[in-house]
Amino acid sequence: MITEAIKKLRSRDKSRCFVSVSIFRDRVRAIVSGKSTPSLYTPEDRINWTPSPSARTPIQLVAHSANSLGFISEMLQGTPYPAKTTADADAEFLVMEQEITSREQAIDLLEGKFEKYVTVLNKIGPEQLETLIEAPFGLGKVPMRTAIGVGTGHTQSHTAQLDYLQTIYGDRNW
């Protein structure tokens with residue numbers, strides 16, 4: 001009886017993660033595509049704008065989030081993240097992000113990586129939630145139940161950065 005209750009609880013954890021990632025994916029897509037309320041619209045003249053040389057543009061933030069979902073998908077399937085340090089990862093991501101320069105490219109990349117992530121999540125059963133997987137950057141092993149939320153949290157943090165960029169270029173309608 002308790003085992004079945006735990007399985008149901010674990011199953012709900014996965015469902016909540018899926019719903020959260022979906023919400024953030026849709027929000028990021030709305031910001032990039034401009035198909036949202038005015039407060040979430042990124043004007044064409046701002047999609048490749050950055051407030052400083054070291055800051056990512058809105059397009060780069062979306063590309064970074066998308067590529068991260070791809071790497072997180074691999075991690076959930078047992079493939080360790082290839083970069084050994086956060087500095088190495090950042091340098092690699094910056095190179096990948098430079099390839100994405102248009103709204104359409106960013107949306108296509110996000111949708112493709114998101115669909116891969118969802119496919120991976122859908123294959124994770126309740127019995128796998130306690131499986132330990134390798135975290136990046138030498139952080140050790142984490143249970144799958146923790147790892148399935150990494151994509152959501154990461155995407156959410158970059159969505160907040162997109163919101164902040166809006167305020168920097170003067171869009172304070174939210």
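This is a predicted model: local features need pLDDT of at least 70, side-chain atom pairs count only at pLDDT 80 or more; totals for chains, interfaces and linings use all residues.
The chain contains six helices and two strands. Read from the N terminus, the order of these elements is α-α-α-α-β-β-α-α. Of the 174 residues in the chain, 40% are buried. Among contacts between residues at least 6 apart in sequence, 76% link residues at least 24 apart.

Two packed helices are described by the angle between their axes and the distance between the axes. For helix α2 (residues 58-76) and helix α6 (residues 150-168), the angle is about 180° and the axes lie 10 Å apart. An angle over 145 degrees counts as roughly antiparallel, and α2 is therefore roughly antiparallel to α6. The α2 side of this contact consists of P58, L61, V62, H64, S65, S68, L69 and I72, which meet V150, G151, H154, T155, H158, Q161, L162 and L165 of α6. By class, eight nonpolar and eight polar residues take part in the contact of α2 with α6, and no charged ones.

K113 is located in helix α4, which spans residues 103-123. With residues up to four places away in sequence left aside, K113 touches A66, N67, L69, G70 and S73. K113 and N67 are 46 residues apart along the chain, and their C-alpha atoms are separated by 6.8 Å. The relative accessibility of K113 is 25%, so this residue counts as partly exposed.

Notes: Residues are numbered from 1 along each chain as its sequence is written. Side-chain values use heavy atoms; hydrogens and water are left out. Helices (H or I, at least four residues) and strands (E, at least two) are DSSP runs, numbered from the N terminus. Buried means under 20% relative accessible area, exposed over 50%, partly exposed in between (1.4 Å probe, protein chains only). Contact means heavy atoms within 4.5 Å. Axes are lines fitted to C-alpha atoms, for helices over the stretch in contact, and angles run from 0 to 180 degrees between N-to-C directions. Angles under 35 degrees count as roughly parallel, over 145 as roughly antiparallel, 65 to 115 as roughly perpendicular and the rest as oblique. Ala, Val, Leu, Ile, Met, Phe, Trp, Tyr, Cys and Pro count as nonpolar, Asp, Glu, Lys and Arg as charged, and the others, Gly among them, as polar.
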